[in-house]
Amino acid sequence: MNSRNAIFPANRHALYEKHRYSAAIQSGDLLFVSGQVGSLDDGSPETDFEQQVVLAFKNLEATLHAAGCSWDDIVDVTTFHTDPEKQLETVLSVKDRIFEEPPYPAWTAVGVNWLAGFDFEIKVTAKIPG
């Protein structure tokens, strides 16, 4: 029996349709969130890097809320960066506004050379409350 459910936020952006993927999949009491980027409603990237990161976190938050989760439910984070040395300070600044106190989620940052026109992506696994 398949116990997977697709999750989409109310502000479902064009990338989900264009690339045919779910914002998140619920499997049992876990939520596996696809990489969230700083996309505008039409699927294009926000051009300002800090705003792209902020928007990626906002898109992530909307996906979490659609599944009944919050930032506190995140157990694992993976971020992808096209230029980690130049971008990390900005990313950490945005992240620190969200994860202000321990326990912090597990976190892995990966440098990559391509993110389909974006410069930052974040994917998480969260435990669904209840």
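Residues are numbered from 1 along each chain as its sequence is written, and side-chain values use heavy atoms, with hydrogens and water left out. Because the model is predicted, local features need pLDDT of at least 70 and side-chain atom pairs count only at pLDDT 80 or more, while totals for chains, interfaces and linings use all residues.

Helices (H or I, at least four residues) and strands (E, at least two) are DSSP runs, numbered from the N terminus. Two strands pair if DSSP finds at least two bridges between them.

Strand 6 has two antiparallel partners here. Strand 3 pairs with strand 6 over six bridges, in the antiparallel sense. Strand 4 and strand 6 also run antiparallel, joined by seven bridges. Val-124 of strand 6 is the bridge partner of Val-33. Val-77 also stands opposite Val-124.

How much of strand 6 is buried? Six of its eight residues are buried, so the strand is mostly covered. Buried means under 20% relative accessible area, exposed over 50%, and partly exposed in between (1.4 Å probe, protein chains only). In a regular strand the side chains alternate between the two faces of the sheet.

## The nonpolar core

A nonpolar core is a set of buried Ala, Val, Leu, Ile, Met, Phe, Trp, Tyr and Cys residues joined through side-chain atoms within 4.5 Å. The largest one holds 23 residues. Those with the most contacts inside it are Leu-31, Phe-57, Leu-64, Ile-74, Phe-120, Ile-122 and Val-124. At least two residues come from each of strand 3, helix 2, strand 4 (74-81), helix 3 and strand 6. Helix 2 gives the most, with seven residues.

Contact means heavy atoms within 4.5 Å. Leaving aside neighbours within four places in sequence, Phe-120 is in contact with residues including Gln-36, Val-37, Phe-49, Val-53, Phe-57, Phe-80, Val-91 and Leu-115.

Ala-62 also lies in helix 2. At 22% relative accessibility, Ala-62 counts as partly exposed. Its C-alpha atom is separated by 9.8 Å from that of Ala-23, 39 residues apart along the chain.

## Helix 3

Helix 3 covers residues 84-98.

Lys-95 counts as buried at 15% relative accessibility. Not counting residues up to four places away in sequence, Lys-95 touches Phe-57 and Trp-107.

## Charged side chains

A salt bridge is a side-chain nitrogen of Lys or Arg within 4 Å of a carboxyl oxygen of Asp or Glu. The structure holds four. Three of them are described below.

| Salt bridge | N to O distance |
|---|---|
| Lys-127 and Asp-29 | 2.6 Å |
| Arg-97 and Glu-50 | 3.0 Å |
| Asp-83 and Lys-86 | 4.0 Å |

The pair of Lys-127 and Asp-29 links distant parts of the chain, 98 residues apart. Lys-127 is in strand 6 (residues 120-127). Asp-29 sits in the loop between strand 2 (24-27) and strand 3 (30-37). Lys-127 is partly exposed at 42% relative accessibility, and Asp-29 is partly exposed at 39%.

Arg-97 forms a salt bridge with Glu-50. Arg-97 lies in helix 3 and Glu-50 in helix 2 (residues 49-66), so the pair ties together parts that are 47 residues apart in sequence. Arg-97 is partly exposed, with a relative accessible area of 45%. Glu-50 is partly exposed at 33%.

In the pair of Asp-83 and Lys-86, Asp-83 is partly exposed at 29%, whereas Lys-86 is exposed at 69%.

Glu-121 has its place in strand 6. Not counting residues up to four places away in sequence, Glu-121 touches Gly-35, Gln-36, Val-37, Thr-78, Thr-79, Phe-80 and Leu-115.
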